[in-house]
Amino acid sequence: MSANRIKHKVNHVSLVVDNSGSMHKHEAQLVRVVDEFVKGLQEESDRLGHETRISLYAFDHVVQNLVWDMDVKHLPSLRGLYKVNNGATALIEAAVKSLDDLTNIWEGYGEHSFLQVVVTDGEENASGFSETGRMHTRLSGNQGVDVLGTWVGRVRSAMDSLPDHWTSAILVPNSLAKRTAQGYGFPAGNIAIWDADSSQGVEEAIGTVKAAATSFLRGREQGVRGTKNLFTMGQDLSTAEVKANLDALGAGKYILVPVDQPTPIRDFVTRSGHPYQTGCAFYELSKREKIQGSKQLAVAEKDQTTGQLTGRVFSGPAARQLLGLPASEATVKPGDNPAYTVFVQSTSVNRKLVPGTKLLVLL
């Protein structure tokens, strides 16, 4: 006779961080914000009752494993582990090695999910250095092209063969790098752009990763083990969570106004017959946005048949945490949630509103 067995959720998170020469200006700050990211994983895992294990990689022209599948509760700091070198960027090789290593984890017991996030401030130029001893961009004739082609084929094959409970994502410095990453096989919804030229960009990048990882862990509670839309917000929001953590705004305390033209927000509110006060208006999250840490959030119910807003709106101090948004600035895009639409507070007077959306105005 076999005994009943607890099937617990196990998350394996692999953070693969560029440590090539161009990352020198971010070194100290990156250590601090990655430590904050790990702390966030610890707290969310404890709250949900998950086991979360983390692997850390650093790469220039050489790929190094710094931490291997360690319980997040036991990782004190990246300090002393992560060090920027004067190397190149073996981006593809780092992504492939991280995925290959994770496949060695036995999944016989428990319900496992895998999340890989790569962070780079540059373009691929050195994969294969471990085999040739030279950057492929410096090899003569067609040799460099052949080496790069081999590695592109390897990463595409790895991405194409990922099981449904694996998620691979990447942060890149610009739109060109985003298109390149898509060519490597990263899903478009799992690619985010960060500002690699500023210290604020590092804060925002790890904030984006933290929000995505939090959303990933919470999605596990809804039965989602993998996603191709990691860098979205609100898709895993449930009715039970909203009612338990947020406050319903009283009738007559707000209006939802359809936006019919790209009008500055203050002009639109006053044209609708209401006085404008800073912070009184919340725009519908309809595209990728940078959301500052001070901004309040609200969610409005949708009719799950028509998708139209029903008018019931919820907000409160817990809204950011509920949506997986860190206290710092982060860039997100709206997720596809059949029950709710997310609204973000505006403190501007000239934000151009998006036609076809709605504006939430507190009265």
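## Ser215

Ser215 is buried, with a relative accessible area of 7%, in a model that is predicted. Because buried means under 20% relative accessible area, a value of 7% places Ser215 in that class. Ser215 belongs to helix α6, which covers residues 199–221. Setting aside residues up to four places away in sequence, Ser215 touches Thr232, Gln235 and Asp236.

In soluble globular proteins, nonpolar side chains tend to be buried together. The largest nonpolar core here has 39 residues, and Leu30, Phe37, Tyr82 and Leu171 touch the most other members. Elements that give two or more residues to this core are β1 (9–18), α1 (27–48), β2 (51–59), β4 (111–119), β5 (166–172) and α6.

Leaving out neighbours within four places in sequence, Phe37 is in contact with Val13, Leu15, Ile54, Ile206, Val209, Lys210 and Ala213. Another core, of 31 residues, lies apart from the largest one; Leu237, Leu285, Phe314 and Ala339 are among its residues.

## Aromatic pairs

The count of aromatic pairs comes to 2. Trp106 and Tyr109 form an edge-to-face pair, 5.1 Å centre to centre, with 85 degrees between the planes. Trp106 counts as exposed at 61% relative accessibility, and Tyr109 counts as exposed at 52%.

The rings of Phe114 and Trp166 have centres 4.2 Å apart and planes at 15 degrees, so this pair is stacked. Phe114 lies in strand β4 and Trp166 in strand β5, so the pair ties together parts that are 52 residues apart in sequence. Both Phe114 and Trp166 are buried.

## Charges over rings

The charged end of Arg154 sits over the ring of Trp151, 4.2 Å from the ring's centre. For Arg351, the charged end sits over the ring of Tyr283, 3.7 Å from its centre.

Key: Residues are numbered from 1 along each chain as its sequence is written. This is a predicted model: local features need pLDDT of at least 70, side-chain atom pairs count only at pLDDT 80 or more; totals for chains, interfaces and linings use all residues. Side-chain values use heavy atoms; hydrogens and water are left out. Helices (H or I, at least four residues) and strands (E, at least two) are DSSP runs, numbered from the N terminus. Buried means under 20% relative accessible area, exposed over 50%, partly exposed in between (1.4 Å probe, protein chains only). Contact means heavy atoms within 4.5 Å. A nonpolar core is a set of buried Ala, Val, Leu, Ile, Met, Phe, Trp, Tyr and Cys residues joined through side-chain atoms within 4.5 Å. Rings of Phe, Tyr and Trp (its six-membered ring) pair if their centres lie within 6.5 Å; planes under 30 degrees apart count as stacked, over 60 as edge-to-face and the rest as tilted. A charge sits over a ring if NZ of Lys or CZ of Arg is within 6 Å of the ring centre and within 35 degrees of the ring normal.
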